[in-house]
Amino acid sequence: MPDWGRTTLELIVQELQHPVRLDESFDRRVMVRVRRAYAERRPRGVAAWIGAAASVTRRPAWAAALAAGIVAVVTVGMLRPRQAVRAGVGPIPVQFVLVAPGARSVAVVGDFNNWGLNDTALVAENHNGVWSVSAPVRAGVHRYAFLVDGKQYVADPTAPRSSGDDFGMPSSALVVEGTTQ
Amino acid sequence: MRTRTARSFLAVLLAGSAFGTAEAQDPRIGARLDAPTRKAISALVDSARAQGIPVEPLMEKVYQGLAMGADGPRIIVAVRSLTTELGSAHRALGAVATTDEIKAAASAMHAGVPAVELGKMKKQSGLRRSLTLPFTVLADIVSRGVPVQTAANAIRSLVGAGAKDKDISDFQRNVSVDIEKGAPPADAAETRAKGAAPAAPAKPERIEKSEQE
């Protein structure tokens, strides 16, 4: 290293070794500025309450209970793969067929279209008295019925009966599986 | 540990419950139900949600009642009855049951199948076998006149033998055709259950030691 470089280095070292003397009011002045800056940025109202930090006592029993709860939730989640898989499955085309030679109109209403008579009823097409419509239905169990001529509810004769005919009208049950067994 | 996390969690819970209440007040329902009925339905839905009972089937029941021209009191009775059945089904099947299974089990209960019977089936079937279709078929054949115990035994034997959903659908179809042709419902179910159960895999014949020697 050249001499001029060494001299410069020694000067820097000497300066760094020199003790720094701070004004006695330095700490106080710094803290005043810090508190002011924090007060300006601090959230208020509900956000302040949510964000406020407070210490609580840690108890082993509570920690164990929390851990057990997390394990239980995770375990139950792992034991329900079918639900999880099905949640990601989109609607599946289902064909509804009713033989009603004398009918003027046939529609399908059910849980899958919120029993919508006007806006979402599935209107079947007539093929010499064989009415049919194909509609996307999400996986799950659904209750449905055919609405003939806009006034008479008819159960699907080829499907299981729905036992919940609380309103005095027949309906059928449809199970759409999202996964193959 | 800080309470910041706990407070944030509480805030999320409160927001979620507020959203849930709003969800119960569906505008399509609100416009078509009178105020007392709307209030009663909302209370039932909130109560069900608080108990962990799926509320979607309750809303579907309201839609069905409205579509079928039922009056308010009748809709309330139907929703209250369904709430009770869903709650019983939920307790009988346990936490591992899916919403569809609970809904199908409630339908079976409505047909007259005891909750304890459904709980036994769920316990027997294991966790990975969905009982949505078996419960739906159970409700169907009971509503066609098959005695509850006969129907439950038939479905349990099918599920226990490893029958697929298609096998159980075929069983339902055959039983309903037999009954429509005049067969006694109990006989139809018992006979068809024997034919529908898949054959158990044949065990390899044991070779006696003496024969080997």
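Colleague: I'd like to start with the helices of chain B. In which hand does helix 6 of chain B pass helix 8 of chain B?

Modeller: Helix 6 of chain B passes helix 8 of chain B in a left-handed crossing. Keep in mind as we go that this is a predicted model.

Colleague: Thanks! At what angle do these two helices of chain B pack, and how far apart are their axes?

Modeller: Helix 6, residues 99-111 of chain B, and helix 8, residues 132-143 of chain B, pack at an angle of about 15 degrees, and their axes are 8 Å apart. Angles under 35 degrees count as roughly parallel, so helix 6 of chain B is roughly parallel to helix 8 of chain B.

Colleague: Which residues make the contact?

Modeller: From helix 6 of chain B, look for B:D100, B:E101, B:A104, B:A105, B:S107, B:A108 and B:A111. Helix 8 of chain B brings B:T132, B:F135, B:T136, B:L138, B:A139, B:V142 and B:S143. By kind, the residues of this contact are 8 nonpolar, 4 polar and 2 charged.

Colleague: Let's turn to the strands of chain A. In what order do the strands of the open sheet of 3 strands lie?

Modeller: The order is 1-5-4 in chain A, and the pairing is antiparallel. Strand 1 (92-99) and strand 4 (125-127) of chain A are at the edges with a single partner strand each, so one side of each has no neighbour in the sheet. On average, neighbouring strands here are turned by 30 degrees against each other, direction ignored.

Colleague: How many bridges join strand 4 of chain A to strand 5 of chain A?

Modeller: There are 3 bridges between strand 4 and strand 5 (residues 130-137) of chain A, and the two run antiparallel.

Colleague: Which strands does it pair with?

Modeller: Strand 2 of chain A pairs with strand 6 (residues 140-148) of chain A in the antiparallel sense over 5 bridges; there, A:G110 stands opposite A:Y144. Strand 2 of chain A is also joined by 2 bridges to strand 3 (residues 122-123) of chain A, again antiparallel, with A:V123 as the bridge partner of A:A107.

Methods:
Residues numbered from 1 in each chain as written. Chains lettered and ligands numbered in written order. Predicted model: local features only at pLDDT ≥ 70, side-chain atom pairs only at ≥ 80, totals over all residues. Axes fitted to C-alpha atoms, helices over the stretch in contact; angles between N-to-C directions. Helix = DSSP H or I, 4+ residues; strand = E, 2+ residues; numbered from the N terminus. Parallel < 35°, antiparallel > 145°, perpendicular 65-115°, else oblique. Left-handed = near helix turned anticlockwise from the far one by under 90°. Contact = placed C-beta atoms within 7 Å. Nonpolar A, V, L, I, M, F, W, Y, C, P; charged D, E, K, R; others polar. Pairing = 2+ DSSP bridges.
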